[in-house]
Structures are given as C-alpha cells and as structure tokens.
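Please keep the structure open beside them as you read.

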Amino acid sequence: MSKIYIDIAFPTAVRRLFTYHTKEKHIAPGMRVWVPLRKEFAIGMVVQVHQRKPEFETRPVERVLDESPIMDETMLKLTEWIHRFYYCSWGEAIQAALPVGLNFASEKRVRAKKGFIDKLTKLDEEILSEIRNHDYTLKEAQKRWRDGKEKAAIKRGIAAGWLQVWEEPRQKVDYKTVKHWQIKEDVDLKKLTGELDKRESINKWEEAFVELSALDLPVTHQSLLKMSDLYTPYTLKRIEEEGWIESVELPVKSDPDQSREFEPDKIKTLSETQEKVYREIREPLSKKQFASFLLYGVTGSGKTEVYIHALKYALEQGCGGLVLVPEIALTPQTVQRFYQIFGDQIAVLHSRMSERERFEAWQQLKSGDKKIAIGPRSAVFAPVQNPGLIVVDEEHDASYKQYDPSPRYHARDVAIMRAHMDNAVVILGSATPGMVSVKAVMEEKHTLLQLPDRPTGTMPSVEILSLKEYKGAMRGPLTVELFEEIEKALERKEQIILLYNRRGYASFLQCEDCGHVPQSPESSTSLTYHKKKNILLDHYSGYSRRADKRCELCGSENLSSKGSGTQQVEEEMAELFPDARLLRMDRDTTSGKFGHRKIYDQFLSGHADILIGTQLVAKGLDFPNVTVVGVINADTELAFPSFRAGERMFQLLSQVAGRAGRAEKPGVVYVQTWKPEHPAIKHARTHDFKAFARQELANREMLIFPPFSRMIVFHFKSPSWSKVQMVADRFCDGMRMVTGENVVMGPSPSVIEWMNGQYQWEANIKLKRSHNAFAVEKILDSIFEKYDSIKPKGASAVRINVDVDAIE
Ligand code: ADP
Ligand code: ZN
C-alpha cells in the first residue's frame, strides 16, 4: 500500500509546514495529530493530505487525535490567508482560531440532549437522568453501564441522539474551585461593625474586616489581595482566628448574564429608512451571495435593529450568523437585545470565559446547537455553521486588531475575507467609520448604507470650551461653565459622565525643588502615582514600589502629587461636589470578571450621580438619565504620537456625544480643550463625519499614510541596546535594497523604548494598498531573505516582529 503523506502546521513561529506519513486512510485536513518533532512529540494540524513523496525521509504519525476534522475547509483557508497576509505561521493562525488552541489531547465525553424526548424505556430514563447529573467520559459511561441491556441502551441512546458524544480536551475539564471568604454565620455583623466604628483607633486587620463586610460576599482570596493593601494573607488569617470570617472552596463564579429575557415577539417594526437599508441587505442574503456593506449611522440611529432583522432573515434562510462587538463586557445591552429575539440560539463568547466555557460554546456552535455567535475579536473564528451574515459593529474600533501574540490580525478584515469564502454578507457598522472603510466605499468595494436620523431623541449638542479663554475661571480642572452645568444637573437629579482619557497617566509625583518626576526603571516612562495605595506604578511593565518620600535626585522631601488621572479627578470632584455620589470606571476599578458590569449596573440604577472614567465609559454604554457629559481634557488623545490621533479623537468625541441624551432628555457634551480649532474637535461639534473624513483623507493622501498605503511595522526587541539598534539599521538597509528608498521609514526607538527588560526599536514600510496576501508575503519573504544575507553578528539576540496593517 502506498504511503499517505500529510503536511502539518505547528503552532510555532516557523513559517513552514512539515511533512509526515501515515497509513490511516481516514486522515483528512483539519484533524489534529500527535507526531514526533525533533526529540519530542507535538500536536499539529493536518492541512494537506497528498501522495507526493518528499526527497527526505519522512517520519510516521504517532496518533491521529480526531475522528473527524475539527476545522472545516473554510477555516483552513481562512487561517492560511492570515498566515500569508499577517506573515505568521499557519499553525499560529490555527492556534488563534481554536478555542483553547491546539494543545490539548481530546477525550470523548457523553452528555444528555436537552429538552423533551419521547419513546424512552424506564432504563433509558434512568441512564439519561444519571448522565444529566454527572459528568461522564464515554469510557466511564461504558464502564458504568456495561451489562447486556444497559450496554444496548447506551448504544441506542447514541444512535438515537438523546445521548451525545463529543470530544473535549483532557486537561482542564474540572471546574476549578478557589478559596473564597465569607462572614461566619453566627457573627452579628451590625453589632460588631458598630462597635468597631465607635472605637478611637482600630487595628489594620479590624479595618480590613470592616471594609470586607461591606463587599458582595463570598469573595475570592486572590481578588481581595489585589483589591487593597488592607487585605493581606496575614490580616485575613487574623480575622479568621477571631472567628469572624471563614474560608470556603467555591467554583469560580459563572456568567451572571444567564438571566436574560427572551421575548422574540418584541422585535420592532423597522422605520422606513431602516426598512430600505434592510431590503438592500436582504437581497444578497436571499441568494447566499457575498456582499459587503458599510452601514453608516450615528449612535442611536437604529443600526442594531437592522442587524437583528437581517440576522433573523439569515436564520430563516437556514444560515447562521456572527456578530462582532468591540468588547462584550462593555456592551451588555447590545447582547441583551439580541438575546431577547434569538434566545438560546446565541452563544456569547468573551475573553473572560474560562477555557471550559469557551470550549463548550465552541462545541455548541460546531454541532449546530447554537446558530449565532456574539463576541469580540476572536469570535470571528467561531465555528458558526453555514454563516449567512457577519456583522462587525463599531467597525472602526481599535480592539479588533490583535497586537500580541502573533497572528496580528484585524478581525474586521478577517471577517470580510471569511464572508468571501463562505458566500456570506458582511455588514460593517459605525457612526464614525475608519478611514480604511470610507475609502473602500469610494472605491466601490463596499456598498454604503445610511441611517441619517435617530428614531428617538435628538443629537446632543456639543459645546467646545477653550481652556485658553477660561484661564482664571476654573474650578479645579473644570471651567466655570461646566462646573455650573454639573451643579444644575445634580439639582435636577440627573446624571453626569466625566471623561478623562488615560487612567492615572498624568498623576505623578513631582519634586517642588528640582522638578524631577520619578521614572520607571523598567520602561522609560514616568511612574504613575496611586494615592490610595501610596504606590508608584508603571502601567506598561507592571513595576511598582512604595511612593518615594524623598526626591531621587536632590533628596528634597518636598514632593507633591500632580496632574489629573481619573483618580485625582475623582478627588477633585469630591471636593467640588461634596454631596454628589461618585463612581469611577477605569482599568483599575474594572479588574475582575464582572468589574464593568458592576459599575455599569450601579450607575444605571442610580446609585451614583457622577461617573468618572477613561475612554471605557465612551464605549457602548447607554444611560437614559445622563444629561451632561464632560470631556475634561480632549488634548490627551491628540498628544498621542500616531497618524491616527485625529481619527481617534473624532471617534472618541462622537461616541461620548452619542452617550448623552439617548432617551427623551436632551443632553449636552462639554469638551474642554486647548485646541478648539483642531479638525477632529471642530467637526465633532457639528457631528459632521463627512467633513472630517474629507479633511482627514486629504491629509493622509498627502503623506501617503493608510488607507493610501499598506503600512507594515517591524518591531525590534532585545536586552542589548547596541544590538537592537544595529539590527534595526541593517534590516532597514536590506529593506531599502528590496523595496526602494522612499517607502521605508526608520528605524527609530519606539515610544516606549525600554520595557520588560527589552529595548524596542521600530521601522516601517508603506506598500501599495492593492497588495494582497500573496504579494505581501512575497515582499516580506524577499526582505527577510535579503536581511539574512547581510545580517550582523549576534543578530539572533534581537527579535523581529512583523505587524501588517499596524494601527497604533
Ligand atoms: P444604534 O445601533 O445605531 O446605536 P439602536 O438600534 O440601538 O441604534 O437604536 C437606538 C434606539 O432606538 C434603541 O433604543 C432602539 O430600541 C430604538 N429603535 C431603533 N429602531 C427602532 C424601531 N424601528 N422602532 C422603535 N424603536 C427603535
Ligand atoms: Zn528634587
């Protein structure tokens, strides 16, 4: 018998395939195999089966891990495209597309089918209920029911489908339990905290107890340690010894989102304009043809409603659907609206799911149990069966681009490619489309659909407050005008959102005598001062230390905290509005699985008057009682060193503006800035995206920035400064030889030149936009080939990352 040869992709950075042989006739692309690799074994993915004998001696496959392909042809093709275009290995792309990567060995398990099943014998019923209540591997089940009748029942169940067999990673299948703390039952909390309150002074552990008792218990040990300095293994142990709290082992909390309402009859009747848009989308959907649309409509114009109707139609056509959203935790209402109409047909995916949860969702989609996937970036790979519609909501959002690890893909572009391969319709929706999509419309690659009005409410007005003019008329960081508007809103019992972009960034310690600001020894940035914990923190590398008492340089003790991070803004607001209840939302307060949700719920239910936050609050949140939104300093975004700073600023302001006054009450957005004449601010004031886009595109064209070019950024990293510079220089020499002089920029040190023990440099090239995956791969291949022939000694100590269509 002739040997079967297979090409295998491994999840390593090496951009080539490896050929093995096997006698397993059922082997097919999309199955995982266990094969010898160098001196060990590794899991790889079969991407090709063929009869071409290679020149070298092949090694045999040790074991085929899957009975049937776990990746279908489209997904293999899609990952191959990613491999070429984003210049990663095919295996890396496959790894990213699978729920828990390739690195698991599979194990067959059985589970009971949901819902009512008739024609079961009594024995069947017993088995079914037992399996429903316990987790069995197929082997365990076969062992448990191994006698004649029982054995037959199991067989029959599998054949009839009331028992389902599915494969699951052998590792990490246990529900992990972790240590939680709770108040002991016999403790009279009121009395106890009352007593402690009255005491003149209390110990740190007693203080910790008081704080702890106010939390939503039980709470995990780990999260307490992260929460505050008060909680240490010592203080917790001390409180336990006192008999006030006890530890319990509990599973990690599961998603509270489960309690959603399913009311499919509540689907809304589309307005006339929505109907027109919907009809255009339905056309290619009905023929199962590829089409791509840019749905442009301000926040609140009814885009989501159009998605829902299009999705419903796709389902009626027997197709599945895929909805990408920037970040699931930030869009609970969007998810709820889909859930209301589609209920259990939806699998919600998000980054904070455990591996097991992710794997289960993946299985449910793959088996066709669920027809719709909703999730962030990585959900673009969800194994939705026969997808008819792919929605990319907020298509401009930066979170769609993966930066690390490789593959550095852009989920919007992967979505378009997937739609192509699956003959699906893709809708890119946004109130502020990215320049790339705007240009694609101009080139007639996407069809433009517009929703110009808001069905309910009006656009909020945007007031620009020039900080130049308000010099001397400031209340803390607020202009008098914004201050007074907040006061009035508070009197009317309405809510306020204050935005300070960048958490804690500008909050730092400064020496009053010599002006020195403590710098991080790990990255070349200023350390952020966190007053509550009294620490200095490097947000990039995670380095932290107790706040300095003396100036590092001159020894002066005259240090003061400066600037305004969200935390400082919170304190300043507490002084300005002593009676208002404040809430803060930034990366520091939203850690933990449901951090966002909690703050979101608190604010929505009126437990706070003013929400202070970073750009996080600008995303997807919808509060009917908010009538004043203040952007405290719009210039922080513009100062960011990127050609996209203006675009981001415009998007941010539009999003914030969209937040205000979505309900009946009109809202006003106040933007404080030193640069009122900046186009991003000027046009945001009049909600004039088209004017902004025109000006922005003209600028980009002049400088040949994307979307007028395809930009590829190379990152060079090494612990050795001289090596990183040398390699970056030489690499650019090679690049100039291959591509010509004028398309190469750099090399230069990165914005953050030193991080996690590595020096970082970068360089980039601007290629023609028309370059497709094969062309990009070819050019990069020749650049690396050239570089290999001229690279300096010691070059291997420098890592080079390639970021195609980089967006920072
Ligand atoms: P977008 O996705 O563009 O921000 P939404 O679809 O969320 O807009 O619509 C904004 C608000 O208007 C939502 O509260 C939504 O329920 C409501 N809405 C949208 N379309 C309709 C419609 N056809 N009939 C009634 N209400 C609608
Ligand atoms: Zn000093």
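1. Let me start with helix α2, where W90, G91, E92, A93, I94 and A97 are the buried residues. Buried here stands for under 20% relative accessible area, exposed for over 50%, and partly exposed for what falls in between, with a 1.4 Å probe and protein chains only. The helix spans residues 90–97 and is mostly covered, with six of its eight residues buried. The cover over the buried residues of α2 includes β1 (4–9), β4 (40–50), α1 (73–85) and α13 (355–366); a contact is a pair of heavy atoms within 4.5 Å. Helices (H or I, at least four residues) and strands (E, at least two) are DSSP runs numbered from the N terminus.

2. A word on the basis of these notes: this is a predicted model, in which local features need pLDDT of at least 70 and side-chain atom pairs count only at pLDDT 80 or more, while totals for chains, interfaces and linings use all residues. Residues are numbered from 1 along each chain as its sequence is written, chains are lettered from A and ligands numbered from 1 in the order in which they are written, and side-chain values use heavy atoms, leaving out hydrogens and water.

3. Strand β4, part of the cover over α2, also holds M45. M45 counts as buried because its relative accessibility is 0%.

4. Now for the chain overall. The protein chain contains 24 helices and 36 strands, and 53% of its 808 residues count as buried. Among its contacts with a separation of 6 or more, 74% are made by residues 24 or more positions apart. Its accessible surface is about 38200 Å², and carbon and sulfur atoms hold 49% of that; the areas come from the Shrake-Rupley method with a 1.4 Å probe, and for residues only the protein chains shown count as cover.

5. Which residues come nearest to ligand 1? They are T269, Q274, G300, T304 and R337, out of 17 residues around the ligand; a residue is near if one of its heavy atoms lies within 4 Å. The shell divides into three nonpolar, nine polar and five charged residues. Ala, Val, Leu, Ile, Met, Phe, Trp, Tyr, Cys and Pro are counted as nonpolar, Asp, Glu, Lys and Arg as charged, and the others, Gly among them, as polar. Helix α11 (residues 303–316) gives the largest share of the shell, three residues.

6. The distance is 3.1 Å for an N or O atom in the side chain of K268, 2.9 Å for a polar side-chain atom of K303 and 2.5 Å for one of T304. Taken alone, the ligand exposes 560 Å², and the protein buries 79% of that.

7. Please have a look at R408 too, in the loop between β17 (387–393) and α14 (411–422). R408 is buried, because its relative accessible area is 6%. Its side chain joins that of D404 in a polar contact of 2.9 Å (a pair of N or O atoms within 3.5 Å; within protein, one must be able to donate a hydrogen and the other to accept it, and residues adjacent in sequence count only if both atoms are side-chain atoms). Leaving aside neighbours within four places in sequence, R408 is in contact with Y86, K401, Q402, Y403, N801, V802, D803 and V804.

8. Last, the cysteines. With a disulfide taken as a pair of cysteine sulfur atoms within 2.5 Å, the count is zero. C319 is buried at 5% relative accessible area, and C732 is buried at 1%.
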